[in-house]
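Please open the model in your viewer and keep the selection panel at hand. The tour below moves from one selection to the next and says what is to be found at each.

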Amino acid sequence: MSYTGEAFLGLMPELISTAFLIAVLMVGVFAERSAGLVASLAALGALVTFVGTAVLLFIGFEGEFFGGGYVVDGFALYFKLIVSGSAFFAVLAAARWSSGTGDAAEYLMLILSVVLGAMLLVSMRDLFGIFLALELATIPSYAMVAFDRRRRESAEGGMKYLITGVIASSILLYGMVLIYGVAGSAQLPDIARAFSGSLTPVALIGLVLLISGFAFKVSAAPFHFWTPDAYQGAPTSAAAFLSVAPKAAIFGVLLRILLEGMPGAAPVWTVVMAFLSIVTMFVGNLFALRQRNVRRMLAYSSVAHSGYILAAFAALQGDAVPTGVQAVMIYSAAYAVMNMGAFLVIDLAGEEVKGYNGLFRTRPGLAISMGVFMAALVGLPPLSGFFGKAWVLLAGAQSGSGLVYVVVGAVVVNSVLSVPYYFGIIRNMFFEEPSGGETAGEGGFAVEFSVYTLAAATVIFALIVGPLAALAQASGLL
Amino acid sequence: MPPIVQQVIDALTATPPLAGYLVVGAIMFAIGTWGALIRRNAVVVFMCVELMINAVNLTLVAFGDFLPGEGGLGASYAVLVIAIAAAEIAVGLAIVLAVFRSRRTVNIDEVNTMRG
């Protein structure tokens with residue numbers, strides 16, 4: 001049992017972000033021509049949410065609310081930190097661009113509602129609550145992608161994202177309903193009782209539909225085809241934010257569903273995850289190799305990175321479960337800093353690969369930051385991406401299953417495969433002559449600040465990976 | 001009354017088993033998915049998605065009614081799902097309208113400036 005006061009404390013990050021969401025919308029309505037005020041309010045909201053979550057994590061707050069349907073534990077708080085932290089940088093990056101659209105309040109409000117949905121999502125322990133929070137995170141993201149009225153690609157990307165997204169949501173929902181019918185309850189602990197022993201055909205169909213729906217949402221192949229169009233059409237801040245924050249939350253809730261809701265069915269879903277992971281990695285990297293547009297290349301790269309994270313899901317068996325959970329958590333944080341930074345560079349240096357020629361001569365700081373992000377995405381040792389991959393490989397090695405060894409092999413092969421397109425950009429920046437012609441630089445100071453901060457975080461990730469691993473260890477899941 | 005008529009009346013008034021609802025729901029869902037994947041008009045695709053969601057709702061309400069000790073939870077979940085579907089379609093039609101304004105078409109095949 002819990003008291004109302006405790007529930008308020010547990011819901012504090014969500015309440016804070018809701019309050020700021022409403023405030024942003026109200027200021028936007030009553031004070032037109034106030035883009036600066038709205039942006040600072042939204043950034044403050046993301047920051048206060050981050051601090052609130054950090055305080056809860058620091059005091060070791062844990063609790064279950066609303067009949068066990070909502071749980072606040074270290075695991076959920078960790079993902080809330082990733083979501084609200086990346087929202088802060090997304091708001092900074094969006095501040096100047098959105099004031100140019102004339103609808104700054106609406107755009108920033110959409111970012112905050114994705115934050116709210118993603119934060120609720122990782123705390124839900126009830127299938128329909130999960131669906132509700134997932135839709136709260138994804139419906140605003142369709143609008144974010146289609147928000148840029150000056151570029152025709154934006155509405156097109158939004159429409160493609162929307163159509164595939166709603167079909168995926170229906171499939172996911174059908175899977176949830178079948179699981180609910182089989183288990184007789186939508187709460188994960190009750191489902192765990194029904195999913196022990198051998199599965200009935202209906203339960204198996206439900207599980208497969210559920211995983212397919214989530215695969216759409218994290219852009220795993222063969223359900224990835226919306227990703228490049230959506231990210232290419234979206235405003236840069238939207239692509240940077242959506243490729244990181246909702247995705248991390250969805251990986252978190254998928255981990256919770258699979259480990260708390262159906263540990264008995266692990267032999268089935270680890271095999272599904274293994275195949276999804278292998279296909280996703282190869283599709284992402286092979287398509288990324290042919291891209292001449294940096295946004296599209298990073299979109300395919302995000303598909304590939306989903307594959308690496310899914311490899312950790314395949315390893316969730318036997319003794320490797322704690323390491324696998326740690327791998328997903330650390331990879332999500334590492335990926336958040338490096339991928340967000342790489343996307344935001346587009347706002348400063350343009351989206352054509354040629355535009356990066358000789359960037360080191362013209363803007364050395366920016367070129368070094370982009371070089372750091374690219375090297376981190378490959379997984380070079382002192383940078384953040386290395387630790388994500390290292391934990392995935394460690395989990396795979398501990399699992400002791402032949403299929404997982406194959407997946408781990410595919411991770412290594414794909415890391416090598418991804419070198420040409422990441423290093424192609426580094427080569428263009430450092431060894432090519434500037435191609436002349438001023439590159440698109442509509443970013444401004446806030447974007448530069450975000451890029452340099454994220455580059456610094458990518459470099460010093462080695463220092464915080466120890467505490468992160470300890471946090472993941474004590475996260476409360478398992 | 002001849003016994004055959006009585007049998008027909010009994011069959012019509014008896015509560016159908018759970019399996020009946022599930023089969024109808026599965027068929028509706030399959031038709032909706034098929035339509036959503038092959039139709040090229042974005043608005044028709046949304047109609048097919050509505051069919052999918054309604055199939056899910058039928059299944060959900062049937063489960064909610066037949067499960068022991070559920071006390072109408074299934075039906076209340078269905079109300080949530082209806083609200084979410086409405087929100088999805090509202091955003092969806094707005095985006096389709098934005099596409100139509102810039103291109104004068106809502107055919108998915110003709111909206112393809114991005115490739116690769």
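What follows is a walk through a predicted model, beginning with a whole chain and ending at single residues.

Select chain A and colour it by secondary structure, which comes to 22 helices and 2 strands. Turned along its principal axes, the chain has C-alpha atoms that fill a box of roughly 65 × 55 × 40 Å. A compact globule of 478 residues would have a radius of gyration near 23 Å, and chain A, with 21 Å, agrees with that expectation. If you colour by burial, buried residues make up 65% of the 478 residues in this chain. Among the contacts in chain A with a separation of 6 or more, 81% are between residues 24 or more positions apart.

**The nonpolar core**

Next, select Ala42(A), Val91(A), Leu108(A), Ile111(A), Leu121(A), Ala249(A) and Tyr331(A), the residues with the most contacts inside the largest nonpolar core, which has 237 residues. Helix H15, residues 321–349 of chain A, gives the most to this core, with 20 residues. In soluble globular proteins, nonpolar side chains tend to be buried together.

Centre the view on Val91(A) and ask which residues it is in contact with, once its neighbours within four places in sequence are left aside. They are Ala39(A), Ala42(A), Ala43(A), Ala46(A), Leu108(A) and Ile111(A).

Now select helix H20 of chain A, residues 419–431, and compare its length with what a helix should give. At 1.5 Å a residue, its 13 residues should span 18 Å, and the end C-alpha atoms are 17 Å apart, which agrees. Show the side chains of Tyr421(A), Tyr422(A), Ile425(A), Ile426(A), Asn428(A) and Met429(A), which are buried. These residues cover an arc of only 160° around the axis, and therefore lie on the same side of H20(A).

**Where chain A touches chain B**

Bring chain B into view, and select the residues at which the two chains meet: 31 residues of chain A are in contact with 29 residues of chain B. On the side of chain A that touches chain B, the elements that give two or more residues are helix H6 (127–145), helix H7 (152–183) and H10 of chain A. H7(A) gives the most to this side, with 17 residues. Coloured by residue class, this side of chain A divides into 16 nonpolar, 8 polar and 7 charged residues.

**Loops on either side of H10**

Stay with chain A and select the loop between helix H9 (201–217) and H10, where Pro222(A) lies. The peptide bond that joins Ala221(A) and Pro222(A) is cis, with omega about 0°. Ser219(A) lies in the loop between H9 and H10 as well, and its phi is near 50°, a positive value in a residue other than glycine. Most residues other than glycine have a negative phi, and most peptide bonds are trans. Is Ser219(A) buried or exposed? Ser219(A) is buried, because 26 other C-beta atoms lie within 10 Å, against a cut-off of 20 or more.

Move on to Pro235(A), in the loop between helix H10 (226–233) and helix H11 (236–242) of chain A. Pro235(A) is buried, with 24 other C-beta atoms within 10 Å. Apart from its neighbours within four places in sequence, Pro235(A) is in contact with Trp97(A), Phe147(A) and Asp148(A).

**Two last stops**

Select Asp103(A), in the loop between helix H4 (74–101) and helix H5 (104–123) of chain A. Asp103(A) is partly exposed, with 16 other C-beta atoms within 10 Å. Draw a distance from Asp103(A) to Glu32(A): these residues are 71 apart in sequence and 9.3 Å apart in space, C-alpha to C-alpha.

Finally, select Arg104(B), in the segment after helix H4 (73–103) of chain B. Its phi is near 65°, a positive value in a residue other than glycine, and Arg104(B) counts as exposed, with 8 C-beta neighbours inside 10 Å.

Terms used: Residues numbered from 1 in each chain as written. Chains lettered and ligands numbered in written order. Predicted model: local features only at pLDDT ≥ 70, side-chain atom pairs only at ≥ 80, totals over all residues. Helix = DSSP H or I, 4+ residues; strand = E, 2+ residues; numbered from the N terminus. Buried ≥ 20, exposed ≤ 12 C-beta atoms within 10 Å, placed from the backbone. Contact = placed C-beta atoms within 7 Å. Nonpolar A, V, L, I, M, F, W, Y, C, P; charged D, E, K, R; others polar. Expected span 1.5 Å × (residues − 1). Arc of directions from axis to C-beta. Rg over C-alpha atoms; globule rule 2.2 N^0.38 Å. Core = buried A, V, L, I, M, F, W, Y, C linked by C-beta atoms within 7 Å.
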